[in-house]
Structure formats: structure tokens, C-alpha cells
Amino acid sequence: MALWYRKFVNKGTGQVCYVPSGRYGNFLNTIKKLVSYVRYNIPRYYVAHLTLTVAENESEVHFRHLHRVIQFIHLRLKRAESDFKYVAVKELQDRGAVHYHVLCIYSKPYVFPSADEVASSWRLGFVKITAPKFRLKLNAIANYIGKYIGKGYEYEALDVRKSFTASQIKQIYKLTPVRLGIVMSKYGKERAQTFKCTYRRVFDMFDNGFRW
């Protein structure tokens, strides 16, 4: 299975590096933003791993069914005043049926709906919920996704329009941890979240003098 990479050349040193692109690159960028968001917004977080299976042997399920479940969980946690972020990945089982892995991160204990409640929203099959113990180590989130969800992602292999989806997270969290820390300490989180960001630089509409 081939993966796509983007080539960059340092104009000063001539050093060449390759950065993942395509679906694989987008997936890694999504995980990076999720971990950065949790680090700066959810001091104490909880994790639930959902597996949504399909009773019928269907090879394709429209994303609206997944979004219905996500909306149900979001409203339940919102009423409990809990933050909520997620990453959902589509996987094909050996029998050819599709199912979803969903990693949910939230900020209050004892508020996540039960498997039966989620199943009543899913309506297509069975729901399994596990709660991995991360002991508040953020790098464990990325490792868990890579081991249990990333393997189902199959990167470029799934011949479907959309192989994963995730919570919308503001662009500021695309920065590297070092640069993000500099921006947060200099401007504060609330103001930093208004910036237009890329990996290379941060633009502040009121202070154009701040550069790396």
C-alpha cells in the first residue's frame, strides 16, 4: 500500500525532508490538533472508545448515521457542561461489513451515555464502549489512536469518499507545541485563538510585527 509524501528542501542547507500528505497527512494533522487542544483546554480529561458495528453485511454506511450518534453524545455532554472532542474512523471488517471506531474525549466523569443509549441513537447494529486509562498523559492519546484506530484507517486503502472525520478545532492548534507555547504565553489563549495560522507563521491582525 503506497502512502503519499510531500518533499521540502531547505534553501540554506539543502537538506531534504518528506512530510506525509494525502489522507494519511490529514489524519496525522487532525490528531496533532486534537492533542494540542486537549493540552491547553482540558486539564483533566476522560476517554471513551466507541465501536459502532452494523448488523447487516453492508460495505458502506452514510456518514449521517455516525453524525446522528455524535450529535446525541454532544448534546448529552453539553447539558452536563462537559467539553467534547472526537475522532471517528471507518473500518472494513473481514466479512466486508463497515464499522466505525470513535475516540471521544470529554472533561467530566460519570456523564458519558451508556452503550444501550448510544445504540438507540446508532440504530444500525451493536455498540461497544471501552475506557482506556491514559493517566492524563497526552502522548498516550496519539499512541492509542495509532494502535487501535489508525490500523482501521488503512490510510489510502479505503476506497470511500470519506474515511475519517473529527471535531472542528481552531487553526491555532496546528502549530508545533513549542510555537504554540510561545504564542499562548505572549498573547494569551483567548487572543491567540483569533489568529490566522499556518505551520510557518502566525498573523495577528492587530500586531503584524510578531514573526519567527
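**Figure 1. The buried residues of helix α5.** In this predicted model, helix α5 spans residues 177–187, and its buried residues are Leu180, Val183, Met184 and Tyr187. These residues sit on the same side of α5, because they cover an arc of only 95° around the axis. Just after the helix comes Gly188, with a positive phi of about 85°.

**Figure 2. The largest nonpolar core.** Helix α5 turns up again here, as one of the elements that each supply at least two residues of this core; the others are α1 (22–41), β4 (84–92), β5, α4 (138–153) and β7 (164–166). The core has 33 residues, and those with the most contacts inside it are Tyr45, Ile105, Ile141, Ile145 and Ile172. Apart from it lies another core, this one of 24 residues, including Ala88, Val102, Trp122 and Val127. As background, nonpolar side chains tend to be buried together in soluble globular proteins.

**Figure 3. A closer look at Ile141.** Which residues does Ile141 touch, once its neighbours within four places in sequence are left aside? The contacts are Val35, Tyr45, Leu103, Ile105 and Phe134. Two of these partners, Tyr45 and Ile105, are listed with Ile141 among the residues with the most contacts inside the largest nonpolar core.

**Figure 4. Ser121 in helix α3.** Is Ser121 buried or exposed? Ser121 belongs to helix α3, and counts as buried because its relative accessible area is 7%, with the cut-off for buried set at under 20%. Neighbours within four places in sequence aside, Ser121 is in contact with Arg68, Val69 and Phe72.

**Figure 5. Two loop residues with positive phi.** Tyr110 lies in the loop between β5 (98–106) and α3 (115–122), and its phi is near 60°. Tyr110 is also exposed, with a relative accessible area of 84%. On to the loop between α3 and β6 (127–130), where Arg123 is found. Phi of Arg123 is near 70°, and Arg123 too is exposed, at a relative accessible area of 60%.

Figure 6. Strands β1 (5–9) and β2 (16–20) each supply at least two residues of the patch. Val9 has its place in strand β1 and counts as partly exposed because its relative accessibility is 48%, which falls between the cut-offs of 20% and 50%.

**Figure 7. Stepping back to the whole chain.** The protein chain has six helices and nine strands. Of its 212 residues, 43% are buried. Among contacts with a separation of 6 or more, 68% come from residues 24 or more positions apart. The chain exposes about 12500 Å², and carbon and sulfur atoms supply 51% of that area.

Conventions. Residues numbered from 1 in each chain as written. Predicted model: local features only at pLDDT ≥ 70, side-chain atom pairs only at ≥ 80, totals over all residues. Heavy atoms only, no water. Helix = DSSP H or I, 4+ residues; strand = E, 2+ residues; numbered from the N terminus. Buried < 20%, exposed > 50% of the residue type's maximum accessible area, 1.4 Å probe, protein only. Arc of directions from axis to C-beta. Core = buried A, V, L, I, M, F, W, Y, C linked by side-chain atoms within 4.5 Å. Contact = heavy atoms within 4.5 Å. Areas by Shrake-Rupley, 256 points an atom, 1.4 Å probe, with all protein chains shown as cover.
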